[in-house]
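User: I would like to learn how to read the features of a protein model. Please take me through them one at a time.

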Amino acid sequence: MTEPAVAEPERVEDFAADAEVTAPTSEAPRATRARRAKAVKHDAVLASEAAQKLALEAVTAIADPGAVGEHVDFVMDAERLGTHYFASNAKGYPDWRWAVTVARAPRAKVATVCETNLMPSATSVLAPEWVPWADRLAPGDLSAGDVLPYKEDDPRLEAGFEATGDEDVDQVAFFELGLGRKRVLSAEGRDEAAQRWYDGDHGPSAEVARKAPAQCGSCGYFVPMAGVLRQQFGVCANDWSPADGKVVALDFGCGAHSEVEMQAPEAHDHQEAPVLDEFDADLEVENAETDTSAATSDKANESESPQA
């Protein structure tokens, strides 16, 4: 498509940006995409001092006195649409900027104000990201008396075993496999728990495990868990262990291992007689004010007594 040679450059640009140009040829969509991908051209009317003054008047009208600083930048947002930025002197908003968006109609020579905003910059202090109320609780936040709401679609759980009426089958499912519940751990929930335990304070990476003489897998106080988790985890039943009553990994360990071969210290058959330290002395410091008062009283008594 050839542009008319008699048209003014500015008018041709405005018309091309506002009107949808179509043609029966297959080159029209390609030309339209190329025009849309082209960088926004600088607009002299919007960037002029008159437009800047208009933006300053608009933002001063809504801001507190003295809250608007000097002009810092102008950015073209789209065709015939740009934003003037002013520094913010408002208390509590350091490094923020006032943004005033201006525009002009096609073939117009005067800018108009679209909107004004107080915008943060890259170094502005912002509020933390919003967290929904349902997601604000974290593990460890639950205390005595607190109750979590029922979560029907919990991915860590799946439907449990339903009674079949066969006593033998139900006996195995309920008591041996522990499935006599409405919901049980799903594969996702089991894997999540296993990873959390393994990476926690009672896993192989803990400091006490790295310095242990042996691992829990060979300890007599190790009680394996039921189900597939018994392959990697159990419960410690040693009251001398720091992990007593806790879930521990097979490759965890501590100094209270049942099979550690260490000689106990020899017990003394008799106790030596106590020794009295006669050279130790305790020093007592008398109050200086008491000494001064006593000396003054003694002098007064001497002066009042009759001379022999």
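Analyst: Start with burial. A residue is buried under 20% relative accessible area, exposed over 50%, and partly exposed in between (1.4 Å probe, protein chains only). At 35% relative accessibility, tyrosine 93 counts as partly exposed. Tryptophan 96 has a relative accessible area of 15% and is buried. Two notes on the source: this is a predicted model, where local features need pLDDT of at least 70, side-chain atom pairs count only at pLDDT 80 or more, and totals for chains, interfaces and linings use all residues. Residues are numbered from 1 along each chain as its sequence is written, and side-chain values use heavy atoms, with hydrogens and water left out.

User: What share of the 308 residues in the protein do buried residues make up?

Analyst: Buried residues make up 21% of them. Surface is counted too, by the Shrake-Rupley method with a 1.4 Å probe; for residues, only the protein chains shown count as cover. The accessible surface of the protein comes to about 23900 Å². Carbon and sulfur atoms hold 54% of that surface.

User: How many helices and strands does the protein have?

Analyst: Helices (H or I, at least four residues) and strands (E, at least two) are DSSP runs, numbered from the N terminus. The protein has seven helices and nine strands.

User: What should I look for in phi?

Analyst: Most residues other than glycine have a negative phi, and most peptide bonds are trans. Arginine 80 has a positive phi, near 60 degrees. Arginine 80 lies in the loop between S1 and S2. Its relative accessible area is 10%, and it is buried. Aspartate 95 also has a positive phi, near 65 degrees. Aspartate 95 lies in the loop between S2 and S3 and is partly exposed at 44%.

User: How many aromatic pairs are there?

Analyst: A pair of aromatic rings is described by the distance of the centres and the angle of the planes. Rings of Phe, Tyr and Trp (its six-membered ring) pair if their centres lie within 6.5 Å; planes under 30 degrees apart count as stacked, over 60 as edge-to-face and the rest as tilted. By this rule there are two aromatic pairs. Tyrosine 93 and tryptophan 96 have ring centres 5.1 Å apart and planes at 85 degrees, so this pair is edge-to-face. Tryptophan 197 and phenylalanine 233 also form an edge-to-face pair, at 5.5 Å centre to centre and 80 degrees between the planes. Tryptophan 197 lies in helix H5 (residues 187-198) and phenylalanine 233 in strand S8 (residues 233-236), so the pair ties together parts that are 36 residues apart in sequence. Tryptophan 197 is partly exposed at 26%, while phenylalanine 233 is buried at 3%.

User: Where does the charged end of arginine 97 sit?

Analyst: A charge sits over a ring if NZ of Lys or CZ of Arg is within 6 Å of the ring centre and within 35 degrees of the ring normal. Arginine 97 has its charged end over the ring of tyrosine 85, 4.2 Å from the centre. Arginine 136 lies over the face of tryptophan 130, 4.6 Å from the ring centre.

User: Which residues does valine 247 touch?

Analyst: Not counting residues up to four places away in sequence, valine 247 touches Trp197, His202, Met225, Phe233 and Gly234. Valine 247 is in strand S9 (residues 247-249).

Technical notes:
Contact = heavy atoms within 4.5 Å.
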